[in-house]
Amino acid sequence: MAEERGPALAGGLVCPVPTTQYDRVQLGHGSGGKMSAALLRDRFLPALGNPVLQELGDAAVVGIGPAEVAISTDTFVVSPLEFPGGNIGSLAVHGTLNDLAMMGARPLYLSAGFVLEEGLSFEVLDRILAAMGKAAAEAGVPVVTGDTKVVERGKADGVFINTTGIGMRRAGFTPGPSRARPSDAVVVSGMIGRHGIAIMSARENLGFEVQVQSDSANLYPMVERLRGALGGTVHVLRDPTRGGVASALNEIAAASGVGVELDEGALPVPGPVAAACEMLGLDPLYVANEGILLAFVPAPFADEAVDALRMHPLGRDARQIGRVTGEHPGMVVMRTAIGGTRVVDMLPGDQLPRIC
Amino acid sequence: MKYLAEYRNAAVAKALVHRIRQSATRTWTLMEVCGGQTHTIVRQGLNDMLEGAIEMIHGPGCPVCVTPLEQIDRAVHLAGRDDIIFTSFGDMLRVPGSDCDLLQVRARGGEVRVVYSPLDALELARKNPDKQVVFFAVGFETTAPANAMAVWRARELGVTNFSVLVSHVTVPPAMVALLESPDNRVQAFLAAGHVCTVMGWTEYEPIAAKYRVPIIVTGFEPVDILEGTLMAVQQLEEGRHEVENQYVRSVRREGNRPAQELVSKVFTLVNRKWRGIGEIPMSGFGLTEEFAAFDAERKFGLEDIRAEESPECRAGDVLVGRIKPMECPAFGTRCNPEHPLGAPMVSSEGACAAYYNFARFRSAPPLEV
């Protein structure tokens, strides 16, 4: 019956995702869910794979001389370009800085590549660049090289931005997605679901007001607090961006070969996010974030980790939301608020709003 | 959240489970009609909490689940046309037709858009006078008033480039079909609260009397479902068979009269195929002659597009409660949310997807957080 089949059906990256019959790229391939994983596994890794890439971390870590250098790249195609709490420029800086920070690296330099669509107003472009400059300056990480291309109207959506960042790892601080261990505590640094709902409310004609700002932020200062307090005992750091907390936890569970148990009652979901998700039939666990991190630390250090995060304004809502177990490897399970239990699987593609 | 937190209260839920267990002198078999209720039951683990006292059979109550294959094929056909903007609620996009789903049509260049309301689709038609805009009008009685309103408004505004592909279904004929089935095991129903908010419950009264079956109009939160279950158990234990209303904060006996009037002006009862079940007489809405100009099937001549369902898919048996999703040989192997054979694996409310996503792991130890 179901529980006997459970491990074989664990999903995520554990068991082979069934071959899908798609003959071309679907939007769901960009969702951060199982279709994205299949795209990497079936197409990109066979062509480009190597031991560093195959780690599939937020950033690659390579040795250059005696230094451990982290490199990460990310492309931003958000629509609308401007949204409550930021714009594509600030997001492009924060996103790449955060990917470096999640590998324990101190971000040092950024590059930025722009694909501009014919007809984009300079007023909008200037606001995007100003936000980008401000975000980079606040983080103390300059954009040191860049590129611009212009394409015909209709060939892009205003502007697409690629940023690449490099950073240095510190000795003795090497968090990674495969380092979660049974009995680790799972800590989240803040409220979940804000970025995705802010974007959706700006994008869709929802017919109701949502007072939610994107959480887009530089997470490195919080990582520094954690490093200061716990050092090498931090096993995993992950910013749960597209696919949300649920997808990030599934990836970590699969990469580390452990199970994760969540406590629904402990999940910090802001009221407006919960309300919007109720109305749209979405699950906040799968909604994107751009300014929170998940930390896996040994259980005895859980309180210290929470305290360290709370020392920073972005981490004032930090709390433990679950723990790691040796049971059900590769699977994320949630104890529901009324005392039941359910599997929190990775979604195949995008979350689809429900009919009623 | 007001009106939600109190219906998700763990202490209240626990007390209700205790009372259900105390009241039930044997195992009773209940069917919840609505997919939204199925989701709450499986997602919250209510079926496990009630094991031994109650067996829950998941009813046919997801409009996405029951949309027949050929109607999906018709949608796919329309969405692939250059002159058409096809609009739909989100979860219909991944329902597989014979060849592909609407998401794939979109990837091939078809214009497919998710809308949250049929009135948004009408607005799209007004903004794109050089295109035909078709809305996929699916759902139970719950969504019928809004869909009827879109058609009504289209005529009022003289919008001629708007039409609807209708696949509406109604609950009572499906309940009767189940009760008439020789291997029916359902002893009581939890009726769908949102459907009854629109329709009231008078049409359920003759069903309860004729088939001697308790019918409880029930809401969607865990406490609602447990309370509805308790009311059903009490009737069964006392030998009563009445329609009772658990969802008092939303439902009145006569329902929403203005909504019903609008529906009756725009729609008329027609025979409708249910995915995996087959045709049930007078179990769906179609547009009345008066609004035939807005019927996409007639407008685009779709009657010739017909399709047979997958022979391996046992959606029908799942939907009528004959088997549990995991008793289907294809469950979790050849049929899963990435590659669904039948519609119940597609919708997040579908019985198979609900089992796949939430019930595969049922013995997690208590958390110590």
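Guide: Start with one word: a residue is called buried if 20 or more other C-beta atoms lie within 10 Å of its own. By that cut-off, 54% of the 356 residues in chain A are buried. Keep in mind that this is a predicted model.

Visitor: How do you know whether chain A agrees with a compact globule?
Guide: We set its radius of gyration against a rule. A compact globule with 356 residues would come out near 21 Å, and chain A has 20 Å, so the two agree. Along its principal axes, the C-alpha trace spans about 60 × 55 × 45 Å.

Visitor: What makes up the contacts in chain A with a separation of 6 or more?
Guide: Two residues count as in contact if their C-beta atoms lie within 7 Å. Of those contacts with a separation of 6 or more, 84% join residues 24 or more positions apart.

Visitor: Which domains is chain A divided into?
Guide: Domain 1 takes 1-56 + 172-356, and domain 2 takes 61-171. Their C-alpha centres lie 22 Å apart. Each side gives residues to the contact: 25 from domain 1 of chain A and 25 from domain 2 of chain A.

Visitor: Which element gives the largest share of domain 1's side?
Guide: That's helix 5 of chain A, with four residues. Helix 6 (220-230) and strand 9 (236-238) of chain A also give two or more residues there.

Visitor: What kinds of residues are on that side of domain 1?
Guide: They split into 13 nonpolar, seven polar and five charged.

Definitions and conventions. Residues numbered from 1 in each chain as written. Chains lettered and ligands numbered in written order. Predicted model: local features only at pLDDT ≥ 70, side-chain atom pairs only at ≥ 80, totals over all residues. Domains from an automatic or database assignment. Nonpolar A, V, L, I, M, F, W, Y, C, P; charged D, E, K, R; others polar. Rg over C-alpha atoms; globule rule 2.2 N^0.38 Å. Buried ≥ 20, exposed ≤ 12 C-beta atoms within 10 Å, placed from the backbone.
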